[in-house]
Amino acid sequence: MFAPFWNGSRRNPRGVVFPFLAFIAGTALSPGEAASVRVHDVMLPEGEFGEVLVRVGEGRRVPVSPDIVGVLRRWIDEADLEFEDLLFPAERGRPLASSEYKRAWRQARQAVLSPGEVQAGLGEQVSSLRDSCLDRWLEAGVPAWGVAEWGGVSASWVAVRYPHRFRLEDVEIDWDHLEEILRLPDIPKR
């Protein structure tokens, strides 16, 4: 979907857009957080889960899937990035401008969505990638508190934002155990 933007190097910052968007989609970082990550903030073991240290706010560690690790390893190599460099630099090492990735996002939406989906606003914001990742983590069974920690939000925010992941009918309740733990103690008669 973003292949035209892959041909990047320090001299052609447009190549930064695909790995940048893939990184957001796989780590649920906000675009601002992703733009501030430096090469030394990521641990990228080949073929395994990696990790990114998000230094914005209180700081947190977020897992990076093996697929995204591969994208990032390739990007770092092709862009000839150094340890202290921004992971997604624009020209002359400056931070990536939102106008750059938003333009690519609009083009990608136009290319893959039907006109009705575009008009309805499906995936209108780049942050839709973040939302999708948070939802996939919940779907995969990561506890809400874990998703909240990785996403840099509160567990209550996760519950309000993704109520479809917390339906009672999706939970198997052990009614006998529930009755047992809620049973009142024997109360002496007066």
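Leucine 182 belongs to helix H9, residues 175–182; helices (H or I, at least four residues) and strands (E, at least two) are DSSP runs, numbered from the N terminus. This is a predicted model, in which local features need pLDDT of at least 70 and side-chain atom pairs count only at pLDDT 80 or more, while totals for chains, interfaces and linings use all residues. Residues are numbered from 1 along each chain as its sequence is written, and side-chain values use heavy atoms, with hydrogens and water left out.

Leucine 182 counts as exposed because its relative accessibility is 61%; buried means under 20% relative accessible area, exposed over 50%, and partly exposed in between (1.4 Å probe, protein chains only). Together, Trp175, Leu178, Ile181 and Leu182 make a nonpolar surface patch of about 450 Å². Patches are made of residues with over 30% relative accessible area and no salt bridge, joining like charges within 9 Å and nonpolar side chains (Val, Leu, Ile, Met, Phe, Trp, Tyr) within 5 Å. A salt bridge here is a side-chain nitrogen of Lys or Arg within 4 Å of a carboxyl oxygen of Asp or Glu. The areas come from the Shrake-Rupley method with a 1.4 Å probe, and for residues only the protein chains shown count as cover.

Which residues of H3 are buried? They are Ile68, Val69, Val71, Leu72, Trp75 and Ile76. Seen down the axis of H3, these buried residues fall within an arc of 160°, so they line one face of the helix; the arc is that of the directions from the helix axis to the C-beta atoms. An α-helix has 3.6 residues a turn, so residues three or four places apart point the same way. The face turned away from the buried side of H3 carries the exposed residues Asp67 and Asp77. Helix H1 (17–27), strand S2 (50–54) and strand S3 (60–64) are among the elements covering the buried residues of H3, where contact means heavy atoms within 4.5 Å. Aspartate 80, which follows H3, has a positive phi near 55°.

Alanine 90 sits in the loop between helix H3 (66–78) and helix H4 (98–112). With a relative accessible area of 16%, alanine 90 is buried.

In H6, the buried residues include Leu129, Cys133, Leu134, Trp137 and Leu138, and also Arg130, Asp131 and Asp135. They pack against H1, helix H2 (31–36), S3, H4, helix H7 (144–151) and helix H8 (155–161). Just after H6, glycine 141 adopts a positive phi of about 95°.
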